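Thank you for making time for this.

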Amino acid sequence: VWVASVCKRSDATHCTPELKRRSRMDAAPSLSVVVPCYEEAENVRPLCTRLFAATRAAGLEVELLLVDDDSGAGTLATCVAVEQLRQEGYDVHVHVRKMHEGKGLSSAVLLGLRLARHDVLLVMDADLQHEPESVPAVAAPVLGGTAEFSVGSRNVSGGKVAEGWPLIRRVISSGATLLARPLTPCTDPMSGFFLSLAEHASPRGEGRDQPAGL
């Protein structure tokens with residue numbers, strides 16, 4: 001179960017100016033959900049239907065953008081699934097990356113953030129470990145204007161690690177969290193389930209990011 005973990009308003013590097021908070025609260029709540037994927041065709045339909053069921057119930061306007069590292073037959077199956085969902089009325093798209101656009105998870109995320117059309121951007125995995133039903137809760141602090149960045153965390157009140165998680169993954173996650181503690185107050189810095197504003201997602205690191213591997 002994933003619950004939003006946000007930075008406090010007193011943190012000047014992570015808080016949105018009051019004027020921008022108010023303008024975002026006045027606008028219709030909308031966000032782009034960016035999902036990097038590789039051979040995830042079987043998860044496309046449940047991800048999409050569960051995501052839109054949850055966000056529609058919360059009154060959110062959402063686009064789902066899949067960024068697929070071309071895997072041949074797997075990518076073709078993903079494209080077929082997306083087209084079927086589009087015919088059913090879902091606002092879902094797939095961008096199949098070419099070699100010159102990079103390879104790997106981190107560069108896929110950055111490309112998706114650039115291609116997304118809404119001003120609020122959420123990133124999650126395609127394997128359904130990040131429950132689509134948690135998206136409204138993770139998005140709420142940013143959409144409500146109290147933060148410019150939130151993380152889906154398993155380590156706050158109401159969150160928990162999925163049953164059956166291997167011990168080695170728990171150890172690696174806990175160790176990485178301890179290493180990151182001097183750098184950030186985030187309770188789950190290794191989380192791939194996070195949300196930010198488009199105005200801050202690229203400009204702060206543009207030209208300095210090195211999107212290699214994870």
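This is a predicted model: local features need pLDDT of at least 70, side-chain atom pairs count only at pLDDT 80 or more; totals for chains, interfaces and linings use all residues.

**A strand and its neighbours**

In strand β2, the side chains of Ser30, Ser32, Val34 and Pro36 point one way, while Leu31, Val33, Val35 and Cys37 point the other way, and all of them are buried, where buried means under 20% relative accessible area, exposed means over 50%, and partly exposed lies in between, using a 1.4 Å probe and protein chains only. In a regular strand the side chains alternate between the two faces of the sheet. Because eight of the eight residues of β2, which covers residues 30-37, are buried, this strand is largely enclosed by the rest of the structure. The element names come from DSSP runs, helices being H or I with at least four residues and strands being E with at least two, numbered from the N terminus.

Residues are numbered from 1 along each chain as its sequence is written, and side-chain values use heavy atoms, with hydrogens and water left out.

Which strands pair with β2? Strand β3, residues 61-69, runs parallel to β2 and is joined to it by eight bridges, where pairing requires that DSSP finds at least two bridges between two strands. Within this pair, Cys37 stands opposite Asp68 of β3. The chain gets from β2 to β3 through α2, and this β-α-β crossover is right-handed, which means that, with the strands pointing away from the viewer, the path from the first strand over the helix to the second runs clockwise. Strand β5, residues 120-123, also pairs with β2 in the parallel sense, over three bridges, and there Val34 has Val123 as its bridge partner.

Now to the cysteines: a search of the whole structure finds zero disulfides, a disulfide being a pair of cysteine sulfur atoms within 2.5 Å.

Finally, some words on confidence, or pLDDT, which runs from 0 to 100 for each residue. The chain averages 79, and 65% of the residues score at least 70. Confidence is lowest in helix α1, residues 18-26, at a mean of 45, and highest in helix α2, residues 41-57, at 97.

Terms used. pLDDT is the predictor's confidence in each residue, from 0 to 100.
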